[in-house]
Amino acid sequence: MKIILTVNGTRHDLDVQPLRRLLDVLREDLGLTGTKEGCGEGECGACAVHIDGVLLNSCQVPVYQAHGRSILTVEGLGTPEEPDPLQVAFVEKGAVQCGFCTPGLLMASRALLAAKPAPTVAEIRAGLAGNLCRCTGYGRVVEAVQSAAGKKAVCAAGDPAEVGPPVSSAADAVQVFMPNSLTEALAALADESCTIMAGGTDLMAAFHAGMPLPGRVLDISGIQELSGIVMTPRGVSLGAAVSYAELLDATEVTTPYPALAEAARLVGAPAVQNAGTIGGNLVNASPGADLVPVLAALDGVVVLASQQGERRLPVTAFHRGYRNCDLRPDELVQAVELPQPADGLRQAFFKAGTRRAQSIARVNLACCARVDAQGRLTDVRLVAGSVGPTIVVLDETMAWLKGRPLAQKDLAVEAGRLAAAEITPIDDVRATAEYRHTVLGNLVKRFVESL
Ligand SMILES: Cc1cc2nc3c(=O)[nH]c(=O)nc-3n(C[C@H](O)[C@H](O)[C@H](O)COP(=O)(O)OP(=O)(O)OC[C@H]3O[C@@H](n4cnc5c(N)ncnc54)[C@H](O)[C@@H]3O)c2cc1C
Ligand code: FES
Ligand code: FES
């Protein structure tokens with residue numbers, strides 16, 4: 001495929017296999033070896049770059065997605081004569097030892113300071129949560145970012161090139177379609193089966209882990225109809241290609257649906273949130289997915305589109321089992337619709353993982369409930385993740401809680417006990433079944449107490 005990249009201000013015309021990782025093209029074809037490979041799975045941040053000003057892990061970007069865009073790598077940060085203030089601060093504060101993580105940390109720090117020129121320590125830690133350092137320790141890195149805050153950046157990303165679509169070539173091992181409209185996308189899906197690529201955070205890691213490359217890819221990232229957040233008379237429609245970062249920026253969503261905002265905030269770390277999408281989280285159908293329990297607890301409806309028309313399924317019916325959802329090969333997820341929450345609906349999302357960022361849930365729980373004028377519980381919804389092959393709606397606990405007075409003695413303790421007894425989890429690499437019983441019970445108890 002013939003593509004054009006602007007890297008650190010210089011235009012490059014390249015002929016590449018479209019599913020190669022941007023990381024490999026930067027290092028092997030352009031000799032920009034400052035961008036490092038640590039994990040190859042989006043977890044360490046060593047390969048972080050900016051694409052059109054957005055922090056992304058280059059090991060997760062198929063190179064065709066960078067066509068026509070402006071890329072900043074660590075080589076474009078500062079010059080030997082005039083280093084970027086972050087580079088100066090990292091040296092002065094002793095924030096570098098072996099240096100392997102440093103390019104990624106610098107790129108993440110620069111993205112953080114562009115968004116928050118005077119970040120708090122908590123904001124710095126959150127902004128750098130996707131970057132692992134094995135030797136220096138994060139205290140000095142935080143000090144370095146604080147010291148560079150407010151100083152003018154020295155970097156040369158350059159403007160994106162004015163280009164048409166990328167040009168496929170006969171040598172491409174994979175055919176890539178990048179439609180601009182839903183109609184074109186549905187025609188491509190009806191024609192022949194395609195692998196749909198959205199943010200690529202799951203797919204690129206799977207290819208790297210050895211999943212065979214598909215013959216045809218349908219990239220949906222440029223489709224307007226999938227990219228918006230639309231307020232409707234009933235609530236909100238979230239386009240399938242909306243990213244976690246876009247969702248978190250939309251106060252019209254985060255205010256009425258705080259549990260959804262909390263789940264999005266707890267997904268991965270900033271670079272994953274910038275790329276990963278709502279539709280990808282639904283279709284990946286991982287039992288530990290964070291958005292899915294919330295979308296189910298909020299009575300979300302998945303809108304599926306094909307040339308045959310539209311199908312609408314409750315989120316609870318969309319997932320049929322472990323990594324299995326009700327999606328035909330000629331369909332894609334167009335949106336998820338959420339009804340307007342009832343007045344006074346209390347919402348919460350809890351996640352128990354191995355660490356604060358970048359960890360897949362050992363147990364998660366989305367909760368909603370209202371307390372009526374008589375002090376009784378109504379509209380109780382409890383949906384758990386990572387405790388079964390797919391999300392588990394805690395029907396028995398919900399039915400037991402419904403209509404009970406909040407003041408009832410030991411209400412929270414008993415609800416927690418019931419919830420723990422209601423699931424049948426397994427032992428796996430993330431947690432034992434016993435851990436999952438205990439933690440889920442405690443989370444339900446915590447929610448009821450919070451009411
Ligand atoms: C380091 C790391 C940390 C992560 N942390 C978390 C976490 O904390 N919580 C969590 O829930 N997830 C996490 N994930 C998983 C992942 O980021 C999410 O599942 C993400 O939402 C996937 O979206 P995507 O756009 O990147 O999907 P892609 O990788 O593009 O696609 C994933 C799957 O969905 C299909 N697909 C995508 N969009 C559509 C559509 N509109 N219609 C039909 N099919 C579609 C694709 O064909 C593919 O099968 C993490 C991933 C990484 C790499
Ligand atoms: S190499 Fe670890 S995130 Fe890309
Ligand atoms: S300085 Fe060595 S890994 Fe961070």
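Q: Quick one on Lys 445. What is its relative accessible area?
A: The relative accessible area of Lys 445 is 28%, so it counts as partly exposed. The scale: buried is under 20% relative accessible area, exposed is over 50%, and partly exposed is in between, with a 1.4 Å probe and protein chains only.

Q: What kind of model is this, and how are things numbered?
A: This is a predicted model, in which local features need pLDDT of at least 70, side-chain atom pairs count only at pLDDT 80 or more, and totals for chains, interfaces and linings use all residues. Residues are numbered from 1 along each chain as its sequence is written, chains are lettered from A and ligands numbered from 1 in the order in which they are written, and side-chain values use heavy atoms, with hydrogens and water left out.

Q: Back to Lys 445. Which side chain does it meet in a salt bridge?
A: Glu 449, at 3.3 Å from N to O. A salt bridge here is a side-chain nitrogen of Lys or Arg within 4 Å of a carboxyl oxygen of Asp or Glu. Both residues lie in helix 17 (residues 433-450), 4 residues apart, about one turn of the helix. Helices (H or I, at least four residues) and strands (E, at least two) are DSSP runs, numbered from the N terminus.

Q: How many salt bridges does the structure hold?
A: 24. One of them pairs Arg 11 with Asp 13, the closest N and O atoms being 2.9 Å apart. Arg 11 is partly exposed, at 47%.

Q: And Arg 417? Which residue is its salt-bridge partner?
A: Glu 414, with the closest N and O atoms 2.6 Å apart. Arg 417 is partly exposed at 48%. Glu 414 is partly exposed too, at 26%.

Q: Why do such side chains pair at all?
A: Side chains of opposite charge can pair when their charged atoms come close.

Q: Changing topic: ligand 1. Which residues come nearest?
A: Ile 196, Thr 201, Tyr 244, Thr 277 and Asp 290, out of 35 residues around ligand 1. A residue is near a molecule or strand if one of its heavy atoms lies within 4 Å of it.

Q: Which elements each supply at least two residues of that shell?
A: Strand 7 (195-197), helix 12 (278-284) and strand 15 (332-339). Helix 12 gives the most, with 5 residues.

Q: How do the shell residues divide by type?
A: 16 nonpolar, 14 polar and 5 charged. Ala, Val, Leu, Ile, Met, Phe, Trp, Tyr, Cys and Pro count as nonpolar, Asp, Glu, Lys and Arg as charged, and the others, Gly among them, as polar.

Q: What lies 2.6 Å from an oxygen atom of ligand 1?
A: A polar side-chain atom of Thr 277. An N or O atom in the side chain of Tyr 244 is 2.4 Å from an oxygen atom of ligand 1. On the backbone, a polar atom of Val 333 is 2.9 Å from a nitrogen atom of ligand 1.

Q: How much of the accessible area of ligand 1 does the protein cover?
A: 93% of the 980 Å² that ligand 1 has on its own. Accessible areas come from the Shrake-Rupley method with a 1.4 Å probe; for residues, only the protein chains shown count as cover.

Q: Next, Leu 382. Where does it lie?
A: In strand 18 (residues 377-385). Leu 382 is buried, at 0%. Residues that it touches include Ala 366, Val 392, Met 398 and Phe 447, not counting residues up to four places away in sequence. Contact means heavy atoms within 4.5 Å.

Q: And Asp 84, buried or exposed?
A: Buried, at 0% relative accessibility. Asp 84 lies in the loop between strand 5 and helix 2 (85-92). Leaving aside neighbours within four places in sequence, its contacts are Leu 77, Gly 78, Arg 110, Ala 153 and Val 154.

Q: What is phi at Ala 285?
A: Near 55°, a positive value in a residue other than glycine. Ala 285 is in the loop between helix 12 and helix 13 (291-297). At 4% it counts as buried.

Technical notes. Polar contact = N/O pair within 3.5 Å; in protein donor to acceptor, adjacent residues only side chain to side chain.
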